[in-house]
Amino acid sequence: MSRILDHPVLGKIEDRNKVTFQFDGKTYEAYKNETIAAALLANGIRKLRAHEESGTPRGIYCNIGHCMECRVTVNGQANIRACLTVVEKDMEVESGKQLPNIVKRMVEEA
């Protein structure tokens, strides 16, 4: 993936500071003031979480904070929208995992 190299508001990419962060235990580079979603996309990552029930992959959809598809865990806090959250130095981001549905399992067992 690539980034915009010369933006009218953000300026030239070579003038921006880089920061490192982790996603699912692997270290990536981002630029200061870049959102988690943009940094992950620029690093070739499209899957940000798994649907809680079905396990199907989810990623960036609306990119303006409405759809909640880009939810990740940031520094231990779940359900953070990657499209609205600016990446910070040494931030630990984890993808959303498929969770067991206790209510559905109880109904199936009954």
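In the predicted model described here, strand E7 (residues 71–74) and strand E9 (residues 92–94) pair in the antiparallel sense over two bridges. Two strands count as paired if DSSP finds at least two bridges between them. Within this pairing, Val74 stands opposite Val93 in E9. Residues are numbered from 1 along each chain as its sequence is written, and side-chain values use heavy atoms, with hydrogens and water left out. As the model is predicted, local features need pLDDT of at least 70 and side-chain atom pairs count only at pLDDT 80 or more, whereas totals for chains, interfaces and linings use all residues.

The protein chain holds two helices and nine strands. Helices (H or I, at least four residues) and strands (E, at least two) are DSSP runs, numbered from the N terminus. Read from the N terminus on, the elements follow the order β-β-β-β-α-β-β-β-β-β-α. Of the 110 residues in the protein chain, 31% are buried. Buried means under 20% relative accessible area, exposed means over 50%, and partly exposed lies in between, with a 1.4 Å probe and protein chains only. Among contacts between residues at least 6 apart in sequence, 44% join residues at least 24 apart, where contact means heavy atoms within 4.5 Å.

E7 and E9 belong to an open sheet of five strands with mixed pairing, in the order E4-E3-E9-E7-E8. E4 and strand E8 (77–81) stand at the edges with a single partner strand each, so one side of each is left without a neighbour in the sheet. On average, neighbouring strands of this sheet are turned by 40° against each other, direction ignored. For such angles, axes are lines fitted to C-alpha atoms, for helices over the stretch in contact, and angles run from 0 to 180 degrees between N-to-C directions.

At one end of this order, strand E3 (residues 18–23) and strand E4 (residues 26–31) run antiparallel and are joined by six bridges. Phe21 stands opposite Tyr28 in E4. The hairpin of E3 and E4 has two residues between the strands, and Asp24 takes a positive phi near 50° there.

Arg16 is placed in the loop between strand E2 (11–12) and E3. Arg16 is buried yet has no salt bridge, and the nearest side chain of opposite charge, Glu34, is 5.0 Å away. A salt bridge is a side-chain nitrogen of Lys or Arg within 4 Å of a carboxyl oxygen of Asp or Glu. In assigning charge, Lys and Arg count as positive and Asp and Glu as negative, while His and the chain ends are not counted. The side chain of Arg16 instead reaches the backbone oxygen of Lys32 at 3.1 Å. Leaving aside neighbours within four places in sequence, Arg16 is in contact with Leu10, Tyr31, Lys32, Asn33 and Glu34.

Side chains of opposite charge can pair when their charged atoms come close. Over the whole structure, six salt bridges are found. One of them joins the side chains of Glu69 and Arg49 (3.0 Å, N to O). This pair links distant parts of the chain, with Glu69 in the loop between strand E6 (57–58) and E7 and Arg49 in strand E5 (residues 49–50), 20 residues apart. Arg49 is buried, at a relative accessible area of 4%. Glu52 forms a salt bridge with Arg71, with the closest N and O atoms 3.1 Å apart. Glu52 lies in the loop between E5 and E6 and Arg71 in strand E7, so this pair ties together parts that are 19 residues apart in sequence. Glu52 is partly exposed at 26% relative accessibility, whereas Arg71 is buried at 16%. A network of salt bridges links Arg49, Glu52, Arg58, Glu69 and Arg71.

A further salt bridge is formed by Lys89 and Asp90, the closest N and O atoms being 3.2 Å apart. Lys89 is found in the loop between E8 and E9 and is exposed, with a relative accessible area of 59%. Asp90 counts as partly exposed at 43% relative accessibility. Not counting residues up to four places away in sequence, Lys89 touches Val19 and Thr20. Lys89 and Thr20 are 69 residues apart in sequence and 5.4 Å apart in space, C-alpha to C-alpha.

Terms used. Polar contact = N/O pair within 3.5 Å; in protein donor to acceptor, adjacent residues only side chain to side chain.
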